[in-house]
Amino acid sequence: MKKTRIVGFGPLLALWVWGGSSGCKNITEGQAQPGEVGAPCQAPAECTEVSSPTCLKMPEGYCSSSCSGGAFDCDDQSVCEQLGDQAFFCLDGCLTDNGNNDCRTDYRCTARPDVVNLDGREVGVCLPQCKVDADCEGGRRCDTGSGDCVPRGEKATGESCTNNTQCNGGLCIKNDSFRGGYCSAQCGSQFTECEPGSQCATLNGEALCLESCQADGDCRGGEGYKCRQVGSRKDQNGDVRALSVCVPRCQNNSECEDGFHCDAGTGDCEAGVGDPNPIGEFCAANAECQSGECITGDRWPNGYCADDCAACPAGSVCGTTPNGNKCLAACEGNLDCRGGYICVEGGCSTLCKNNSDCGDLLCNTSSGRCVAPSENGARVEQISIASDVPVTGALSRELTLEVPRGTLGFAIQADGNGSDLMIIGEMKDPSGRTIYDFQDPFGGELRFFPSADSITQMVPSNPRSAPVAGTYRFKLIKDGGQKNIDVKAVLKIAEGEPQGGTLDVNLFFAKVDGLNASSARNDADLQAAIAEFRSIYQAQGIAVGTVNYCDLGGSNGDRYAVIDSVDGPTSELSQMFAESGRAGDLGCNPNQAINFFMVQEIVGGRAGYIILGISGGIPGPPGLHGTTHSGVAVTMAGFRRKPKQLAQTMAHEGGHFLGLFHTTEAEGNAFDPLPDTPECRTSADRNQDGIVDYQECLSGKGSENLMFWAAGDAAEVVSENQGFVVLRNPGVK
Amino acid sequence: MRKLLIIQAFLLASLGQALADAPTVTDARTTVLGWFAGYEFVPTEAHFKQVGPLLGPALASIALDVDADLFARARAVSAMIHAPGPYTEPVLAAIAEAQAAESVLRRKAVEVLALNHGDTYVDLVASVFANAGDDLPLREACARALTSMPGEAARATRARLHSLEKSEIVRGLLAEPKALVAPLKATPVGDRFQRVQP
């Protein structure tokens, strides 16, 4: 008897059953008829051919019914599919070799990997045509002309790669473990599946598509990959089948988490110590260390193999610790150290937790370092790096910045590129390590944000990327054409750790109902907003200093009352920001201050869709007036009803200007680079609308944070790490 | 204002019936209100499409809810461009005409009326313009609305108002329709950059 594959599977899995079994169904050509699964609807009652019908919120409605994920759920022409993380629904089946003809207008036939009908034709399900890349599964991109999702690159999941564009799934994993690169895609969220021959698996907390395999020989063994079972499932007959994917073999203990060691034979991280560990590795007893000394206790998470400093072996250095001078694992940066440890004076050492750990020094609880208190305040230095640097669509020549000892933060500014987007394409720290790569924008220590006309890119983005003394090397890249760019840096330098900071503020008024520079000083509602704004920033250790009031005046007051365009250097928004160059003439502070432009409204979308505020950059140019990015704009319409909302908007947009990203973006699939801010993931999307909103992300999931994408009454929390970043911005005195 | 109140009462009554019949109207309202809370987030047409036929009633209920956040109400009025039809058309007209309504709501209403219904509301928009007084942003919005109307009546109205208008900004809007109908140009991001919502 011949085996025949039939349809009716949950995502990722294809089942095998014996052909001719009762209950088989067979997808055939043709669109859904009125009332059937896949037909348009406005209410469930219109789905007359569906038992227990529901009308899904898809374009023009979509008749369906819930199902449980089984092979024989749903009627003969529909397939049980998982939509989102939880719910299963019957979707209209289609044949992929018939294009989109089996689906309604504006719907596409989306293939189901490894699933065919009784005639051997590949089967799919009808889903709405894509509009944007985020609508596509498996990391593919949306061809907006056809509404189809198409591969991004040439290489399949599991193949070697050097950048994202080479991979079908749009993601090239590159790090010390994934030798030679590994094509992949993000998966696991709504409508997101892996391409045929790969499976969705969790790797370090991220859901990624990995190459399917049955034996080591299926993987790139020559480059250190092996086939590892990551789960199992029962097939239709109740037989347990292994789910295996190609993963890198471990090569040394440092690739394994604390409590595990790398077994050279299996290439897996196995529980326990294995051979005695070298200096710097985890331990629970002296016998587990080559040196014979294991330091344990609260300050030393998972133990630390160390030794007295009489003769530190190769790969270790002598350092001062709360337990005296000890041999510590050598390092050049924090990434060389185990989790819970930092690189101090070339050795991986324990983090301080409070001032009592630091003797005469102070403990910076964000960085875990013992530091000298600042005595003379911070100073800001501007350095010209290069002029007329040709920048094109390829990485520019290498530029360098000498960062002196005591630098808390620095911003690199590149001016004069016109309307094309520009960004630092690559940056290496003084140890030579790549800390930013534009082809892997979320994979490095830093987070940069591209913009047009001029850019400001700040270091640090988080405590792990705190500047170290030495030479930083970087290259620029832009999104088309060639321009000669001037590059400079602004550095914030102090004798010790910042204990706080001061931010002077300029308020520029466009023509806003009942408010101008003169009346604002005594306007109860505005002053209430400013008081709230001060309070929010005080939690970051920033004192809002002098508030200066000035009018844009004359025709500019009218012109910028309603900001109708926000993109590009010729937009109203950018032109208004450039007015900050007249700060002194208008009665505001021409020196170091953040510029807030108070306007009637800002239009950010079709039909006058209002946005509450917008920043000139993430970050904006610190202390620099007169550029097309030199400020923050805030919508004032209706502020008297809710001064607190105006305060939150000022604080939120000011946070962007000082270098903070959204802790969670609206779709729940992108987050800031800070480890201590909560992330609200798609699993919180209770109503399955593709957006994680304020209510869905309450109760510790992140919407209480000031930098959450949406506003709300309680959204004023600022984390320690967020304070760490803004206090290092050269714009904060 | 009286007309607005009547419309409000009518719609709330019919919505009340709808709510009693189908609690999903409440769901739709809750869903879009969640989107309207963003600082900079602008929902796309695809977002609104997934709400389905309940979008119009949900947006109308928000726009008319005097207890709702003003920004949410203004955003609901703008979003009516995605839900033209019997639920939104009278609401837009009533808000546009209501002199006691917030200016920001009226500005959005005249623009969406023009975009959704073309020349049908030339006279109404002209009337709002004429009675806008010193409210320059409202006159600007009316000028933009008239410019997006393609017919001869709108063109003649623009010419008439242009001759009376004193603000150079509004005169410019009335005189240069080509510059007005151009949609906001999104900055090209390119494949190399993954853009984060600013």
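Chains A and B: what the terms rest on

Guide: This is a predicted model. In chain A, 57% of the contacts between residues at least 6 apart in sequence join residues at least 24 apart. Chain A has 733 residues, of which 52% count as buried. Its secondary structure comes to seven helices and 43 strands.

Visitor: What makes a residue such as A:Cys103 buried or exposed?

Guide: A residue is called buried if 20 or more other C-beta atoms lie within 10 Å of its own. A:Cys103 has 24 other C-beta atoms within 10 Å, so A:Cys103 is buried.

Visitor: Where is A:Cys103 found, and which residues does A:Cys103 touch?

Guide: A:Cys103 sits in the loop between β6 (87-95) and β7 (107-116) of chain A. Leaving out residues up to four places away in sequence, A:Cys103 touches A:Gln31, A:Asp92, A:Cys94, A:Arg108, A:Cys109 and A:Cys126. A:Cys103 and A:Ala32 are 71 residues apart in sequence, while their C-alpha atoms are 7.3 Å apart in space.

Visitor: Why does A:Ser719 count as buried?

Guide: The cut-off is 20 or more other C-beta atoms within 10 Å. A:Ser719 has 22 C-beta neighbours inside 10 Å and therefore counts as buried. A:Ser719 is in the loop between α6 and α7 (720-727) of chain A. Residues up to four places away in sequence aside, A:Ser719 touches A:Leu674, A:Asp676, A:Thr677 and A:Asn705.

Visitor: Which backbone angle stands out at A:Asn302, and how is A:Asn302 classed by its C-beta neighbours?

Guide: A:Asn302 has a positive phi of about 60° although it is not a glycine. For burial, the class between 12 or fewer neighbours (exposed) and 20 or more (buried) is called partly exposed. A:Asn302 has 16 C-beta neighbours inside 10 Å, so A:Asn302 counts as partly exposed. Its place is the loop between β19 (293-295) and β20 (304-308) of chain A.

Visitor: What about A:Ala607: is it buried or exposed?

Guide: A:Ala607 has 21 other C-beta atoms within 10 Å and is therefore buried. A:Ala607 has a positive phi of about 55° although it is not a glycine. A:Ala607 lies in the loop between β40 (601-603) and β41 of chain A.

Visitor: How many residues does each chain bring to the contact between them?

Guide: Chain A brings 58 residues and chain B brings 50 residues. On the chain A side, β30 (421-428), α3 (554-559), β41 (610-611), β42 (613-615) and α6 (643-657) each supply at least two residues. The residues on that side divide into 27 nonpolar, 19 polar and twelve charged.

Visitor: Which residues make the contact of α6(B) with α7(B)?

Guide: From α6(B) come B:Glu89, B:Leu92, B:Ala93, B:Ile95 and B:Ala96, and from α7(B) come B:Leu105, B:Arg106, B:Ala109, B:Val110, B:Val112, B:Leu113 and B:His117. By class, the contact has nine nonpolar, one polar and two charged residues.

Visitor: What makes α6(B) count as mostly covered?

Guide: Eight of the nine residues of α6(B) are buried. Among them are B:Val91, B:Ala94 and B:Glu97.

Visitor: How do you know that the buried residues of α11(B) line one face of the helix?

Guide: In helix α11 (residues 168-175) of chain B, B:Val170, B:Leu173 and B:Leu174 are buried. Seen down the axis of α11(B), the buried residues fall within an arc of 95°, so they line one face. An α-helix has 3.6 residues a turn, so residues three or four places apart point the same way.

Key:
Residues are numbered from 1 along each chain as its sequence is written. Chains are lettered from A and ligands numbered from 1 in the order in which they are written. This is a predicted model: local features need pLDDT of at least 70, side-chain atom pairs count only at pLDDT 80 or more; totals for chains, interfaces and linings use all residues. Helices (H or I, at least four residues) and strands (E, at least two) are DSSP runs, numbered from the N terminus. Two residues are in contact if their C-beta atoms, placed from the backbone, lie within 7 Å. Ala, Val, Leu, Ile, Met, Phe, Trp, Tyr, Cys and Pro count as nonpolar, Asp, Glu, Lys and Arg as charged, and the others, Gly among them, as polar. The arc is that of the directions from the helix axis to the C-beta atoms.
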